[in-house]
Amino acid sequence: MTDRIDTLVVGAGISGLTAARLLADAGRGVVVLEARDRIGGRVHTSRVDGRITDLGASWIHGIDDGPVWAATQDLGMRAAEFTVGSYQAGGRPIAYYGPDGVRLSDEQAAAFVEDVRSVDERLAVLLASVAPGTSYAELADRALGAVDWTPDRIERVREFLQHRTEEQYGVWIADMDAHGLDDDQTNGDEVVFPDGYVQLATGLAIGLDIRLGQVVTRIDWSTGGARVSTAGLSLDARHVVVTVPVGVLQSDDLVISPALPTPVTAALSNLAMNDFEKVFLRFDGRFWDPDVYAVRRQGPRRGGGTRSTTSPGCTGSRRC
């Protein structure tokens with residue numbers, strides 16, 4: 001089957017849906033092709049037995065002057081403040097436990113938070129002088145090597161910095177460029193959505209022509225337009241917006257002919273997809289204090305890619 005459309009968007013994640021929404025609102029004829037049987041991309045909300053769980057993205061990290069926050073408000077999405085998603089050492093109430101499993105006293109926790117703050121200040125100064133290609137691990141070693149602390153005290157902060165890169169980017173600290181956290185800044189409160197983050201996707205999708213289960217395998221393009229092919233469709237479009245994940249662009253599963261310009265392919269070759277897994281636990285009863293936002297245990301890593309944080313979420317006196 002061959003169609004002729006004005007603009008075709010490949011991918012119905014938030015990027016694709018936003019592009020399609022803006023184009024459609026501007027009067028353009030838009031068709032969206034999505035490989036999955038659902039929209040939302042990495043935003044994926046599960047609804048089982050009355051429980052709503054965001055299996056993918058769940059936070060907005062800083063709502064001040066945030067366009068995503070503005071969109072959720074336009075859609076009337078109910079939000080709950082939960083400012084621990086950027087792996088801050090202090091700020092909201094956090095229950096810290098030592099490597100032995102014993103909870104730190106308020107004084108001990110405050111001292112640890114101050115240690116992290118002190119090292120972060122050193123990291124900021126050092127970062128201004130290091131060239132791209134220096135790992136975050138190297139930068140951390142330099143900052144920690146300049147403090148006159150006991151080995152255990154240094155190790156607790158080193159572990160925190162390791163978990164920070166895992167928490168924020170799903171990558172081991174030695175594999176992260178020192179400048180990789182340059183944009184890691186939270187402006188304003190962080191929020192989650194008790195009714196599911198997927199509301200953003202469904203709101204953006206209203207009225208759009210979205211075709212699910214369409215795996216795009218080839219895009220042939222020229223100055224006159226493009227032809228986009230799937231197993232069952234061949235669509236001719238004047239314009240194509242591609243919003244598939246980096247991993248798909250790097251694979252052989254999607255052929256773009258002629259090849260993308262060298263600046264684009266060179267940038268893609270230097271990017272990597274990281275792993276980030278979420279594990280959800282349901283407890284019979286609450287064991288944490290009502291005002292606690294997160295539970296963190298210090299100590300060595302328990303395996304590749306793990307993090308020692310549990311976020312109780314909207315519980316106790318902070319009902320969503």
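Colleague: Starting with β5 and β8, in what sense do they pair, and over how many bridges?

Modeller: In this predicted model, β5 pairs with strand β8 (residues 190-192) in the antiparallel sense, over two bridges. Within that pairing, I60 stands opposite V191 in β8.

Colleague: Which strands form the sheet, and in what order?

Modeller: Three strands form an open sheet, ordered β5-β8-β6, with antiparallel pairing. Its edge strands are β5 (60-61) and β6 (80-81), each of which pairs on one side only.

Colleague: And what holds paired strands together in general?

Modeller: Strands of a sheet pair through backbone hydrogen bonds, and the arrangement can be parallel or antiparallel.

Colleague: What about β2 and β9, parallel or antiparallel?

Modeller: Parallel: three bridges join β2 to strand β9 (residues 209-211). L33 has R211 as its bridge partner in β9.

Colleague: Switching to rings. How many aromatic pairs are there in the whole structure?

Modeller: A search finds nine. One of them is W59 with F82: the ring centres are 5.6 Å apart and the planes are at 10°, so this pair counts as stacked.

Colleague: Where do W59 and F82 lie?

Modeller: W59 is in the loop between β4 (51-54) and β5, while F82 is in the loop between β6 and β7 (94-97), so the pair ties together parts 23 residues apart in sequence. Both W59 and F82 are buried.

Colleague: How are the rings of F112 and F160 arranged?

Modeller: Edge-to-face, at 5.9 Å centre to centre with 75° between the planes. F112 belongs to helix α3 (residues 106-127) and F160 to helix α5, so this pair links parts that are 48 residues apart in sequence.

Colleague: Is that F112 buried or exposed? And what of F160, buried or exposed?

Modeller: F112 is buried, at a relative accessible area of 6%. F160 also counts as buried, at 3% relative accessibility. Ring pairs link F112 and F160 with Y87 and Y96 into a cluster.

Colleague: What sits over the ring of Y87?

Modeller: The charged end of R296, 4.2 Å from the ring centre.

Colleague: Back to α5. What span should it have, and how far apart are its ends?

Modeller: Helix α5 (residues 151-169) has 19 residues and should span 27 Å at 1.5 Å a residue; its end C-alpha atoms are 27 Å apart, which agrees. Just after α5, G170 takes a positive phi of about 65°.

Colleague: Where is confidence lowest, and where is it highest?

Modeller: Lowest in strand β15 (residues 309-310), with a mean of 54, and highest in strand β2 (residues 30-33), at 98. The protein averages a pLDDT of 89, and 93% of residues score at least 70.

Colleague: Over which residues does pLDDT stay under 50?

Modeller: Residues 303-308 are one such stretch, with 13 contacts beyond four places in sequence. Residues 314-320 are also below 50, and that stretch has 18 contacts beyond near neighbours in sequence. Where pLDDT is low, the predicted coordinates should not be read in detail.

Colleague: Last one. How many helices and strands in the protein?

Modeller: Eight helices and 15 strands. Of its 320 residues, 42% count as buried.

Notes:
Residues numbered from 1 in each chain as written. Predicted model: local features only at pLDDT ≥ 70, side-chain atom pairs only at ≥ 80, totals over all residues. Heavy atoms only, no water. Pairing = 2+ DSSP bridges. Helix = DSSP H or I, 4+ residues; strand = E, 2+ residues; numbered from the N terminus. pLDDT = per-residue confidence, 0-100. Contact = heavy atoms within 4.5 Å. Expected span 1.5 Å × (residues − 1). Phe/Tyr/Trp six-rings, centres within 6.5 Å; stacked < 30°, edge-to-face > 60°. Buried < 20%, exposed > 50% of the residue type's maximum accessible area, 1.4 Å probe, protein only. Lys NZ or Arg CZ within 6 Å of the ring centre and 35° of its normal.
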